[in-house]
Amino acid sequence: MRLSIERKPIRVNPDPKRVIARFFFNGNDRAKEVIERVMLISEDDAFGIVSPLLQEYSKRHRNITRVLNRHCSKLKPLFLELNIDFDTLTVYRKLLIGSYFTHEYSIESAAFFNPSIVEDPDQTELEDGQRRVIISFRAVGEGHISSITFRRALIDKDNNISIQPAGSYIDEAEIVRNAVYNKKLFFEKAAITQINIDVISELESKLDHHFEYANLRRIIMDSQKLQEDDMKRLEYDKVLWLADSYYEIVFSLDTDISDRVIFPISEYERKGIEDARFVQFTNDDGSKLYYATYTAYDGSLIMPKLLQTTDFYNFKIMPLYGAGAQNKNLALFPRKVNGKYVMISRIDGCNNYIMYSDKINIWEKPVMLQQPKFSWEFVQIGNCGSPIETPDGWIMITHGVGPMRRYVLGASLLKLDDPTVEIGRLREPLLIPNSDEREGYVPNVLYSCGVIVHNNKLIIPYGVSDSSTAFAEVCLDELLNKLKAFI
């Protein structure tokens with residue numbers, strides 16, 4: 001018999017009005033033609049065109065002039081090719097040119113789902129029994145491109161959840177590329193991503209054991225100049241795309257968390273940032289920070305990546321390495337176990353694996369933890385975010401895929417001091433799609449990327465048929481009793 005679970009009377013739906021102003025580029029030749037056309041316009045006409053644009057779009061974006069100027073500046077190499085002195089352009093002409101290379105993108109127009117939930121760093125000015133949380137979502141827009149967005153919420157003493165209203169503006173972060181690369185690890189990843197082995201060998205021979213982005217870029221540019229084969233030049237570009245997968249992003253301090261969107265930046269994630277699993281991690285000294293594992297997708301290949309932050313304003317992002325950092329579905333434990341980091345993964349697409357590491361970005365020697373056992377998970381079993389620590393063991397919420405590709409949620413219990421040992425598992429699903437949850441972007445799918453315990457209840461945010469997000473809760477003691485009763 002299934003556990004009693006309470007669905008909350010709250011649903012978070014996508015809002016197509018939430019748009020971001022992004023760089024729009026159709027290639028060098030067409031861009032040059034547009035620039036030349038705008039350069040033929042008089043100063044008065046340029047002002048007359050751009051002035052109403054600024055008035056209209058300033059109501060939709062926090063600082064539209066900054067955006068347009070930034071997008072115009074991206075075109076500097078083309079101005080040089082056209083023998084146009086960029087620095088002599090007037091303010092309004094730069095803004096007008098920038099506007100032709102800008103488009104609005106609705107980040108939530110298609111779907112808003114697969115949430116994870118963590119404690120907010122700010123727990124000030126709360127009443128007894130209240131808790132402030134941050135919920136991340138997978139937002140999907142035109143072209144099925146996924147990004148990470150956030151909402152702040154408050155859980156009261158009765159576990160009622162109040163989602164704070166979203167802000168009126170959305171901001172992308174400033175990108176900082178200051179990584180120092182380890183040559184051995186970097187080119188191991190290059191080999192996995194199927195970059196031409198000759199290109200890899202050549203670049204390896206020209207780089208020090210540790211190198212910076214600027215040095216790699218310079219060597220690649222020099223090598224490409226000597227290549228007449230377009231396909232070979234593309235292989236050099238792929239190496240640079242991999243380097244672009246390491247970066248930091250910084251959001252303005254005057255943004256609300258709902259204003260911040262982590263949008264695909266590198267080529268290896270240009271088709272989406274999928275299913276971020278956030279966890280509040282406690283270091284050995286008691287200090288806390290946040291990690292998130294996610295899947296970067298370029299349209300054909302996937303790359304597991306790690307995101308790190310302490311404040312949700314500044315984020316460091318890097319790829320994950322090793323035999324265990326393959327496929328999707330990686331979830332980090334919220335602390336070290338026996339002195340090592342611990343990760344759940346699904347490297348073969350079907351079963352749950354577990355692995356230990358001394359370094360948070362290198363994952364080797366995955367060990368089988370779980371296989372599908374019950375009919376509702378015969379297709380595959382995977383995690384639904386980081387395990388939750390209890391005195392009785394680690395609770396891991398799982399997803400199972402069964403007949404008609406129906407996704408349901410289950411739960412398992414892992415031994416506290418040795419999570420490679422499963423000591424309990426629900427025979428029946430914990431949560432299945434009801435009649436109101438079956439329809440959507442992808443029917444019959446319930447999915448979560450992280451849960452939280454509050455007032456002795458396990459709170460589960462979950463995606464509803466890949467279209468919206470709902471919430472449910474289950475008594476922690478009842479769940480533990482059920483888990484300990486069956487294996």
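Phe374 is buried, at 13% relative accessible area, where buried means under 20%, exposed means over 50% and partly exposed is in between (1.4 Å probe, protein chains only). Before going on, note that this is a predicted model: local features need pLDDT of at least 70, side-chain atom pairs count only at pLDDT 80 or more, and totals for chains, interfaces and linings use all residues. Residues are numbered from 1 along each chain as its sequence is written, and side-chain values use heavy atoms, with hydrogens and water left out.

**Aromatic rings**

A pair of aromatic rings is described by the distance of the centres and the angle of the planes. Here, rings of Phe, Tyr and Trp (its six-membered ring) pair if their centres lie within 6.5 Å; planes under 30 degrees apart are stacked, over 60 edge-to-face, and the rest tilted. That rule gives 22 aromatic pairs. Two of the stacked ones look like this:

| Pair | Centre to centre | Between the planes |
|---|---|---|
| Phe23 and Phe25 | 5.8 Å | 15° |
| Phe374 and Trp376 | 6.0 Å | 15° |

Most residues other than glycine have a negative phi, and most peptide bonds are trans. You'll find Phe312 in the loop between β15 (302-309) and β16 (314-319), and it is buried, with a relative accessible area of 1%. Helices (H or I, at least four residues) and strands (E, at least two) are DSSP runs, numbered from the N terminus.

Asn456 also isn't a glycine, and its phi is positive at about 65°. Asn456 sits in the loop between β27 (452-454) and β28 (457-464), and at 33% relative accessible area it is partly exposed.

**Helices that pack together**

Two packed helices are described by the angle between their axes and the distance between the axes. Axes are lines fitted to C-alpha atoms, for helices over the stretch in contact, and angles run from 0 to 180 degrees between N-to-C directions.

Take helix α6 (residues 183-192) and helix α9 (residues 230-243): their axes come within 11 Å and cross at roughly 125°. That makes α6 oblique to α9, given that angles under 35 degrees are roughly parallel, over 145 roughly antiparallel, 65 to 115 roughly perpendicular and the rest oblique. On the α6 side the contact (heavy atoms within 4.5 Å) uses Phe186, Lys189 and Ala190, and on the α9 side Val239, Leu242 and Ala243.

Helix α1 (residues 28-39) packs against helix α5 (residues 91-100) at an angle of about 145°, with the axes 10 Å apart. Val34, Ile35, Val38 and Met39 of α1 meet Arg93, Leu96, Ile97 and Tyr100 of α5.

**Around Gln130**

Where does Gln130 lie? Gln130 is in the loop between β4 (111-119) and β5 (131-140), and it is partly exposed at 22% relative accessible area. Leaving out residues up to four places away in sequence, Gln130 touches Leu154, Ile155, Asp156 and His454. Asp158 is 28 residues from Gln130 in sequence, and their C-alpha atoms are 8.6 Å apart in space.
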